[in-house]
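Let's take a walk through this one together, from the inside out. Have a look at the model before reading on.

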Amino acid sequence: MAKGTKKGKRLTKNKITDMLLSLFMRNADKTLSFKQIFKELKLVTHPAKMLAVEAMEDMAWDDTLSKVSDNSYKLNTKGQVQEGKFVRKANGKNSFIPDDGSQPVFVAERNSKSALTDDRVRVTFMARRKKHIKEAMVTDILERARDSFVGKLRVERDFAFVVPDGNVFPSNIIVPKNKLKGGKTGEKAVVKVTRWPDDENRNIVGEVVDVLGEQGDNDVEMNSILAQYGLPYKYPKRVEEAANKITGEITEQDYKEREDFRAVTTFTIDPRDAKDFDDALSIRQLGKNLWEVGVHIADVSHYVTEGSIIDKEAQKRATSVYLVDRTIPMLPERLCNYVCSLRPDEEKLTYSAVFNMDDNAEVKSWRLVHAVIKSNRRFAYEEVQQILEDNGVKDSTGQPAPPPGPEGYKGEYATELVTLDRLAKRLRAERFKHGAVKFDREEMRFEIDEKGKPVRCYFKKSKDANKLVEEFMLLANRYVAESVGKVRKGQKAKTLPYRIHDVPDPTKLEVLREFIVKFGYRMKTGGTKGETSRSLNKLLDDCNGKKEQKLIESVALRAMMKAKYSIHNIGHYGLAFDYYTHFTSPIRRYPDTMVHRLLTRYQNGGRSGNKEYYEAQCEHSSDMEIVAQNAERDSIKYKMVEFMADKIGNEYDAHISGITSYGIYCEIDENHCEGMVPMHDLDDDYYDFDERNYCLVGRRRHHKYQLGDPIRIIVAKANIEKKQLDFTIAETKKAKGGK
């Protein structure tokens with residue numbers, strides 16, 4: 001130990017090393033002499049100075065420093081400086097993701113320089129020879145990802161501040177009292193940062209731009225989630241005013257230029273609470289074993305002209321956002337719910353992919369046309385499902401309805417629906433035959449009262465009615481993409497935003513292969529795309545209904561690449577399509593609107609779209625899709641915890657849905673809400689995490705907690721702010737190895 005500072009604090013070599021590192025990082029381009037170093041670090045005693053000299057020699061040996069002369073050093077930045085994105089973690093174990101795609105690097109909190117998630121940063125790598133851990137230090141914040149945040153206000157007599165949501169912020173945001181915009185203690189507010197920390201001021205300073213209201217109010221909490229992700233929670237008045245001027249009137253010229261489907265049986269099939277009907281199906285028989293199926297899509301681009309005020313707002317939003325209790329639409333309500341929506345008994349303009357197919361769903365010919373339709377009926381998925389089941393369709397078997405009895409099929413438009421279901425199942429079987437992956441995951445849903453409070457939660461699984469619509473949308477998207485991208489050899493395809501999905505990550509596939517062995521499954525990796533997908537489908541079929549199903553599906557999903565938009569087509573692995581785009585939902589997805597415009601241009605003989613412009617829009621749309629998904633997940637977590645908030649102390653039957661080194665995740669059988677039993681609450685023994693066999697095992701009594709085991713839990717805590725449920729164990733129904 002060495003006394004080194006004027007205050008007489010004892011300094012260790014490790015402490016001095018950290019001080020030196022911080023000093024050289026702040027002066028990355030300077031050579032520092034011993035005299036300057038001792039002065040900056042306030043090292044006044046001989047032992048402290050000697051420790052510093054030894055530390056610098058070690059750092060030079062590690063290539064962290066370069067020795068310039070006998071008494072001066074400089075930070076060694078050769079090959080150690082990189083740029084990339086920063087990711088902040090609540091536990092302080094932050095990371096740096098290099099632009100070159102290499103592995104993330106650990107960044108300690110003390111070396112993070114107030115960087116936040118998604119900020120672009122420049123770092124210098126530090127070699128730590130003793131621990132063999134690659135570590136980085138943020139030297140510059142090049143670009144802030146955002147400057148507005150949501151948090152809870154606290155107003156004192158002399159000062160005010162905002163406590164940001166999310167637990168991944170380095171400090172509270174100071175707000176001058178004249179910048180509160182009327183906000184009071186306990187209210188949620190949106191605050192914009194006006195001054196970031198620097199060498200002289202470590203505080204983050206901001207101003208309130210919007211007071212959302214009292215914490216706990218449903219509207220306030222949902223708007224907080226939106227604002228937290230930088231998503232709009234209000235529609236600009238001037239955009240709404242522009243939309244309200246659009247009458248939706250169909251002119252004589254429109255009728256002349258379009259194919260007329262008004263007399264053809266047509267209907268929409270959507271969720272029960274939907275208002276924006278952007279697709280409809282028509283069907284008519286053309287001859288023996290020959291059907292015409294029309295996939296009619298709302299002609300949004302007819303009303304939303306490129307570069308208009310409405311278009312610019314839609315482009316910025318890029319997607320509609322679906323929270324538990326509300327939709328934040330991409331387009332103003334006037335357009336998405338009225339003018340463009342394919343409402344029953346109203347004449348509407350569409351862009352339509354029309355297929356002539358035989359009884360085996362083999363497409364004989366097809367055409368892409370601007371059309372006029374008149375929907376005969378608006379169906380909810382549940383109504384169509386009931387009609388299919390009333391006519392002998394057994395859901396999930398993949399079998400179509402049997403032939404009709406002497407009186408025909410039962411129900412309104414039953415013949416048309418049963419025929420579409422039969423054709424859809426043939427299309428689906430053909431997709432899987434060619435290597436499409438069978439991910440049929442359940443989605444958590446809530447029933448909510450008029451105040452937004454959840455009264456029931458449940459899992460919703462895709463049934464035949466959903467799959468019927470899905471198959472024809474996939475068919476239209478595929479054929480539209482092929483019409484532009486599939487060109488003769490030697491020709492150049494015109495620009496189009498594709499929906500692409502790369503092959504799985506080989507490393508993650510190998511992790512999956514090794515992981516499933518623990519449960520007795522086998523899987524082939526390293527073969528062709530088709531072999532891999534068939535092996536994956538067999539795995540998903542084999543684990544279906546087993547206790548490990550959800551876990552295996554989660555690990556398998558992690559091996560998959562994320563689908564995204566790009567003008568550079570690589571095909572869609574998950575669907576096994578060489579060409580695929582998004583054409584069928586222009587009311588809620590901006591890429592579909594871009595596709596509509598380009599297709600119209602090309603049909604009229606227009607030139608190819610600007611590649612750089614459309615690729616930039618594809619990247620923006622992909623980014624906004626991820627943001628919207630994260631906001632949706634947060635709203636589900638919030639509602640789940642809110643649903644359980646008045647059930648503290650209640651006991652439930654549950655099953656173990658996940659096991660980690662820090663606790664057990666349990667899912668309640670009755671309502672599917674998931675919470676955690678923290679490791680420190682397992683106080684009957686000391687438990688070790690057996691990562692290989694995915695279980696916890698007690699050292700003394702050998703009790704075993706294993707994935708899928710039934711368990712009896714008590715709801716201990718529902719933290720709405722953190723969107724977190726805590727359970728304790730009431731009684732295990734099954735503790736393998738226990739008495």
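What follows covers the nonpolar cores, then the cysteines, then one tyrosine.

Keep in mind that this is a predicted model. Let's begin with the largest nonpolar core, which has 86 residues. The members that touch the most others are Ile269, Leu331, Leu335, Phe355, Met357, Phe472 and Phe583. Helix H12, spanning residues 464-485, supplies the largest share of this core, with 11 residues. Zoom in on phenylalanine 472: setting aside neighbours within four places in sequence, it is in contact with Leu281, Val293, Val295, Met357, Leu420, Leu423, Ala424 and Leu427. Another core, of 46 residues, lies apart from the largest one, and its members include Leu536, Ile552, Ile659 and Ile664. As a general point, nonpolar side chains in soluble globular proteins tend to be buried together.

Now for the cysteines. The structure has zero disulfides. Cysteine 336 has the sulfur of cysteine 340 as its nearest cysteine sulfur, 8.3 Å away, and it counts as buried at 5% relative accessibility. For cysteine 673, the nearest cysteine sulfur belongs to cysteine 457, at 3.4 Å. That pair is no disulfide because the two sulfur atoms would have to be within 2.5 Å. Cysteine 673 is buried too, with a relative accessible area of 0%.

Finally, tyrosine 602 sits in helix H16, residues 590-603. Is this tyrosine 602 buried or exposed? Its relative accessible area is 13%, so it counts as buried. Beyond four places in sequence, tyrosine 602 touches Val484, Lys494, Thr495, Arg607, Ser608 and Gly609. With threonine 495 there's a polar detail: its backbone oxygen lies 2.7 Å from a polar side-chain atom of tyrosine 602.

Conventions: Residues are numbered from 1 along each chain as its sequence is written. This is a predicted model: local features need pLDDT of at least 70, side-chain atom pairs count only at pLDDT 80 or more; totals for chains, interfaces and linings use all residues. Side-chain values use heavy atoms; hydrogens and water are left out. Helices (H or I, at least four residues) and strands (E, at least two) are DSSP runs, numbered from the N terminus. Buried means under 20% relative accessible area, exposed over 50%, partly exposed in between (1.4 Å probe, protein chains only). Contact means heavy atoms within 4.5 Å. A polar contact is a pair of N or O atoms within 3.5 Å; within protein, one must be able to donate a hydrogen and the other to accept it, and residues adjacent in sequence count only if both atoms are side-chain atoms. A nonpolar core is a set of buried Ala, Val, Leu, Ile, Met, Phe, Trp, Tyr and Cys residues joined through side-chain atoms within 4.5 Å.
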